[in-house]
Amino acid sequence: MQQDTIAMFDQHAATYDQTWQAMAPLREALQLVLDSVFAPLPEDAEVLCVGAGTGAEILYLAARHPGWRFTAVEPSGPMLDVFRRKAEAHGIVSRCAFHRGYLDSLPSTAPFDAATSILVSQFVTDPIERRGFFRGIAQRLRPGGYLASADLACEMTSEAGRRLLDVWFEMMSVNPEARERARAVYGSQVAVVPPEAVSDLIREGGFDGPVRFFQSGLIHAWFARQALDS
């Protein structure tokens, strides 16, 4: 993830949740299906959350699975601080480990049962590094462990993709004058690529048969299991 992207999250951490409150229904719908994706996990599952942000999916899953424990990996200190305060307020801080930094600096642990990466890998703009991002997650999971990953994805050069982008920008309240700049950002600072390309990166990163389990607007989500030969 680029340093200017982290700096942006640092700057807006205190107001991040309020800024994106209008998008909460999409997040809640994704979390609803995510909980079913993780239904096979044991009652004492260890869950890795890469790019945990302010902890939305952890809070959701922790409320439904009192035996689960979570490791939050987040390079933005202020974002992680917001989550820590939330975890304390919700009484789950004892079930959480907080790591400021990237996955490669996380101390060695026992393999995780599952991992989440929600709107994170899209900020890794180099395809080789993005494949390595997923490889790093796969290496932290037990054999057959689950990954749930969501990113913005779109075939931006097709007519259907351009029309979908217009709908997305309308929902995001991006005015018409700013849309061309937004399209440029989605092609450079944010790696918005066709859904099939994201699925391929997940598979090449060490996972078997990614299954797309959610789409709303540009948000696509997949689940996959760690490949036994990864």
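**Reading the strands and cores of a predicted model**

Mentor: Let us begin with strand pairing. In this predicted model, strand β1 (residues 46-50) and strand β2 pair in the parallel sense over five bridges.

Trainee: Which residue of β2 does Glu46 stand opposite?

Mentor: Glu46 faces Arg69 in β2.

Trainee: What do β1, helix α4 and β2 make together?

Mentor: One reads the handedness of the crossover with the strands pointing away from the viewer: a clockwise path from the first strand over the helix to the second is right-handed. Here β1, helix α4 (residues 56-64) and β2 form a right-handed β-α-β unit.

Trainee: How many bridges join β2 to strand β3?

Mentor: Five bridges link β2 with β3 (residues 96-100), and these strands run parallel. Within this pairing, Thr71 has Ala97 in β3 as its bridge partner. A right-handed β-α-β unit is also made by β2, helix α5 (residues 77-89) and β3.

Trainee: Why is β2 described as largely enclosed by the rest of the structure?

Mentor: A residue is counted as buried under 20% relative accessible area. Five of the six residues of β2 (residues 69-74) are buried, so the strand is largely enclosed.

Trainee: Which residues have the most contacts inside the largest nonpolar core?

Mentor: That core has 50 residues, and those with the most contacts inside it are Phe38, Ile58, Phe70, Phe83, Trp168 and Tyr186. Leaving aside residues up to four places away in sequence, Tyr186 touches Leu152, Met156, Leu165, Trp168, Phe169, Ala191, Val192 and Leu218. A second, separate core of 21 residues includes Leu103, Ile137, Ala153 and Ile202.

Definitions and conventions:
Residues are numbered from 1 along each chain as its sequence is written. This is a predicted model: local features need pLDDT of at least 70, side-chain atom pairs count only at pLDDT 80 or more; totals for chains, interfaces and linings use all residues. Side-chain values use heavy atoms; hydrogens and water are left out. A nonpolar core is a set of buried Ala, Val, Leu, Ile, Met, Phe, Trp, Tyr and Cys residues joined through side-chain atoms within 4.5 Å. Buried means under 20% relative accessible area, exposed over 50%, partly exposed in between (1.4 Å probe, protein chains only). Contact means heavy atoms within 4.5 Å. Helices (H or I, at least four residues) and strands (E, at least two) are DSSP runs, numbered from the N terminus. Two strands pair if DSSP finds at least two bridges between them.
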